[in-house]
Amino acid sequence: PTGTRNVVFESKVGIGTVSPIGRLNVRGTGSYNSLVSETIASDVIITSSEMTDTAYHSILQLVSVRQSLTTGSTAQGFLGFSTVDDSNGQGIRDAARIAIVNEQTSTRNSSTALSFWTNPGGSNTTAPTQKMRISSNGNVGIGTISPLKPLHVYAPDNGGNIRLTRAGTSEYK
């Protein structure tokens, strides 16, 4: 036959394991008497090394590198999410983000905040907007990127009330 053929192999890659479960299965060191995490259907499975102490351990480290305090000083590293409808190729390329934000962009060893972004939809290139931030001092801002109190909820004038519900009752402010 003539023409070009594309051959796709259904393969799995294992690092630290000879029997990968997902398409990419990375396993740390240890005896692993139980691998419940590797029985969940997933394309990517990362299992930490077996921990034997009381310390905190990073299982996955994502590093965002800026060139200098001036070049790239306002750049942000983020974990991005996209949605795609496989039947028609439509979706949102940048559906949501979890981002690390340098709070003082031109300062070395700047404090960082954790921000959450969602997408209002519209087209596949619509940009997400930041909806929530946890600042380096622990303040949580919903609807604001500059939380001034431990919990700062901002609703624009056209946004209606803020609703807090407890045991079937509602309070509005």
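Helices (H or I, at least four residues) and strands (E, at least two) are DSSP runs, numbered from the N terminus. The structure is a predicted model, in which local features need pLDDT of at least 70, side-chain atom pairs count only at pLDDT 80 or more, and totals for chains, interfaces and linings use all residues. Residues are numbered from 1 along each chain as its sequence is written, and side-chain values use heavy atoms, with hydrogens and water left out.

The chain holds 0 helices and 11 strands. Read from the N terminus, the order of elements is β-β-β-β-β-β-β-β-β-β-β. The chain has 173 residues, and 20% of them count as buried. Buried stands for under 20% relative accessible area, exposed for over 50%, and partly exposed for values in between (1.4 Å probe, protein chains only). The accessible surface of the chain is about 13,200 Å². Carbon and sulfur atoms account for 54% of that surface. Such areas come from the Shrake-Rupley method with a 1.4 Å probe; for residues, only the protein chains shown count as cover. Contact is defined as heavy atoms within 4.5 Å. Of the contacts between residues at least 6 apart in sequence, 15% join residues at least 24 apart.

Strand pairing was examined next. Two strands pair if DSSP finds at least two bridges between them. Strand 2 (residues 24-27) and strand 3 run parallel and are joined by 4 bridges. Here R27 has T47 of strand 3 as its bridge partner. Strand 4 and strand 5 are antiparallel, with 8 bridges. G77 is bridged to I100 in strand 5. The hairpin of strand 4 and strand 5 has 4 residues between the strands. In this hairpin, G89 takes a positive phi near 70 degrees.

I45 and T47 make up the covered face. V44 and I46 make up the uncovered one. I46 lies in strand 3, which spans residues 44-47. I46 counts as partly exposed because its relative accessibility is 37%. Beyond residues up to four places away in sequence, I46 touches V26, I59 and L60. I46 and R27 are 19 residues apart in sequence, yet their C-alpha atoms are 6.0 Å apart.

I46 also belongs to a nonpolar surface patch of about 1,000 Å². The patch is made by V13, I15, L24, V44, I46, M51, I59, L60, L62, L79, F81 and I98. Strand 1 (13-15), strand 3 and strand 4 (77-85) each give two or more residues to the nonpolar patch. Patches are made of residues with over 30% relative accessible area and no salt bridge; like charges are joined within 9 Å, and nonpolar side chains (Val, Leu, Ile, Met, Phe, Trp, Tyr) within 5 Å. I98 sits in strand 5, residues 90-102. I98 is partly exposed because its relative accessible area is 31%.

Charge pairing is next. Side chains of opposite charge can pair when their charged atoms come close. A salt bridge is a side-chain nitrogen of Lys or Arg within 4 Å of a carboxyl oxygen of Asp or Glu. The whole structure has 1 salt bridge. D94 forms a salt bridge with R97, and the closest N and O atoms are 2.5 Å apart. D94 and R97 are both buried.

Several loop residues were also examined. N139 lies between strand 7 (129-134) and strand 8 (140-142). N139 counts as buried because its relative accessibility is 10%. The N139 side chain reaches the backbone oxygen of P147 at 3.4 Å. This is a polar contact: a pair of N or O atoms within 3.5 Å, where within protein one must be able to donate a hydrogen and the other to accept it, and residues adjacent in sequence count only if both atoms are side-chain atoms.

T70 is in the loop between strand 3 and strand 4. T70 counts as exposed because its relative accessibility is 68%. T70 and T105 are 35 residues apart in sequence, with 8.5 Å between their C-alpha atoms. A127 occupies the loop between strand 6 (112-118) and strand 7. A127 touches N119 and P120, leaving out residues up to four places away in sequence. A127 and A95 are 32 residues apart along the chain, and 7.9 Å separates their C-alpha atoms.
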